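Dear colleague,

Please find the structure below, handed over for your own work.

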Amino acid sequence: MAEESADKLIEKVARLKSKLILKSIAVGIFSSLMVILYRIMLTKADSIREYALHMYNSNHLYIFLILFLVVINSLIIKKFVKTEPMISGSGIPQIKGVILRQIDYNPIKAIYKKLIGGFLAILNGLSLGREGPSVQIGATVGMYFSRKLELTKMEEKYLITAGASAGLAAAFNAPLAAVIFSLEELHKNFSPMVLLTSMIAAIVSDFISKTVFGLKPVFNFQLSSTIPLKYYPFLILLGFVTGILGVYFNKSLLKSTQVFKKIENRILISSLIGVVLLLTIPDVLGGGHDLVIKTSKVNITLKQILIILVIKFAFTMISYASSAPGGIFLPMLALGALIGKAFYSGIFIFFDTNNTYMVNFITLGMVGYFVTIVRAPITGIVLITEMVGTLNHFLELSLVSFVSYITAELLNEEPIYESLLERILESSGGLRNLIRPHQKTLIEITISTGSELDGIKIKNFKWPEGCLIVSIRRGNKEIIPNGEVVLHAGDILSILTTEESASKNKRELIKKATSVKE
């Protein structure tokens, strides 16, 4: 029976590629349309909030109308989150959980509640971003397609990942970064099929998004010439600073979510704080796109930068801990930009009195902070490169990125999305409602150079219980597995297991296939 199931699954895998190309195109189109709608809604929310501030300045009695609308919005968001908990927060941890078969939810309810809930959260001024929700919306479109077409779990995984890539590509106009994010963060494992489906969906999505929003990069910075090599010690120092501050961000976010979880009306409280900030320092509200642009163009003192940085940081912690729909992607980039400018204003300005490299340091602060928090250095480098629209600064971006990454690794801090997923699973007890315990499924593992599986015979490795290697792809060759076959870096293993144990087995095998031998 097991052999028969394996044969059928392998046969399906062989036919997957051509079918998935068309399905990935469809997922890319619909994911892009949903995320474009979301971007337009959030832009409108920012405009409405600015209009509300203008009305208040003309007549202070409008504060009662503002407070009334904020209360109503908060109650709606609270109702949405209560009825569909998986729309809270970023959405990226939830998608990681779905891919690992640890989480499940209703795709239709999640999409429309994420759209409306995210709009209302930004309308209330919460310091949340559109990028995490865009990833979840796109991935959920892929999930909906898969279940509507009654596809296999393997096909569903590919289309969910394709949708996630399409969502991020549409959110940031960064298709290459979206694909790398899918491989580096969502899967933490290279798969040619994941690469193919994600790339197709991201390119389609990016084309549609740029048709609507134009060809300009998200941050249309005018960067100066590259920083001279003699100043690179300052880049190493900046990487070290963003590394330490990024670790503090992670610890603070986890702590704040734990503390705020005990507060019943945390969405309303966060929104009321947003009203106070609207009337005093509106720059810290929302995701932070305009704040990044303003940071690059307006000359302000170091003291002013630090005040905005502290308030934006604190309000981001409060906003995310409220459980309202919205991500940390853009707020963390805004904080990174402020850190870069503060570093420049406090130290490097003495070596560059003409402000020649100010925008460079703002950009470097963004990549260093992002890499530390998410722990995805390649994604960070490519993302910021695509967002600023130039490849001329690749070396300096890479240096700050990897110094930040190494700093975070030395401080033994977990990537934020991994930690948030663990919190979700702890609070829910796991949400694998649709798993059929005895149903067979295939998982794919790619062996990395120097890992525990690199150079070992199949018979000499202790495989998890219930795992059967049914196929080994080495380049263009298909190898029939037996105990004497020696595994090599780059091999892609198709392993038969049960749905019940698929998540646990995949996590264990990915660790063995990627961790360096001691």
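In this predicted model, the side chains of asparagine 173 and serine 209 make a polar contact at 3.0 Å. Asparagine 173 sits in the loop that joins helix H6 (153–172) to helix H7 (175–187). Its relative accessibility is 6%, so asparagine 173 counts as buried, the cut-off being under 20%. Beyond its neighbours within four places in sequence, asparagine 173 is in contact with Arg39, Leu168, Asp206, Ser209, Lys210, Gly214, Lys216 and Val218.

Aspartate 283 is partly exposed, at a relative accessible area of 28%. Once neighbours within four places in sequence are set aside, aspartate 283 is in contact with Leu291 and Lys294.

Helix H12 (residues 302–321) packs with helix H13 (residues 329–346) at an angle of about 155°, their axes being 10 Å apart. Angles over 145 degrees count as roughly antiparallel, and H12 and H13 are therefore roughly antiparallel to each other. Their crossing is left-handed. On the H12 side, the contact includes Leu302, Ile305, Leu309 and Phe313; on the H13 side, Pro331, Leu335, Leu338 and Ala342 are among the residues involved. By class, the contact of H12 with H13 comprises 12 nonpolar, three polar and two charged residues.

With kind regards

Definitions and conventions: Residues are numbered from 1 along each chain as its sequence is written. This is a predicted model: local features need pLDDT of at least 70, side-chain atom pairs count only at pLDDT 80 or more; totals for chains, interfaces and linings use all residues. Side-chain values use heavy atoms; hydrogens and water are left out. Buried means under 20% relative accessible area, exposed over 50%, partly exposed in between (1.4 Å probe, protein chains only). Contact means heavy atoms within 4.5 Å. Helices (H or I, at least four residues) and strands (E, at least two) are DSSP runs, numbered from the N terminus. A polar contact is a pair of N or O atoms within 3.5 Å; within protein, one must be able to donate a hydrogen and the other to accept it, and residues adjacent in sequence count only if both atoms are side-chain atoms. Axes are lines fitted to C-alpha atoms, for helices over the stretch in contact, and angles run from 0 to 180 degrees between N-to-C directions. Angles under 35 degrees count as roughly parallel, over 145 as roughly antiparallel, 65 to 115 as roughly perpendicular and the rest as oblique. A crossing is left-handed if the near helix is turned anticlockwise from the far one by less than a right angle, and right-handed if clockwise. Ala, Val, Leu, Ile, Met, Phe, Trp, Tyr, Cys and Pro count as nonpolar, Asp, Glu, Lys and Arg as charged, and the others, Gly among them, as polar.
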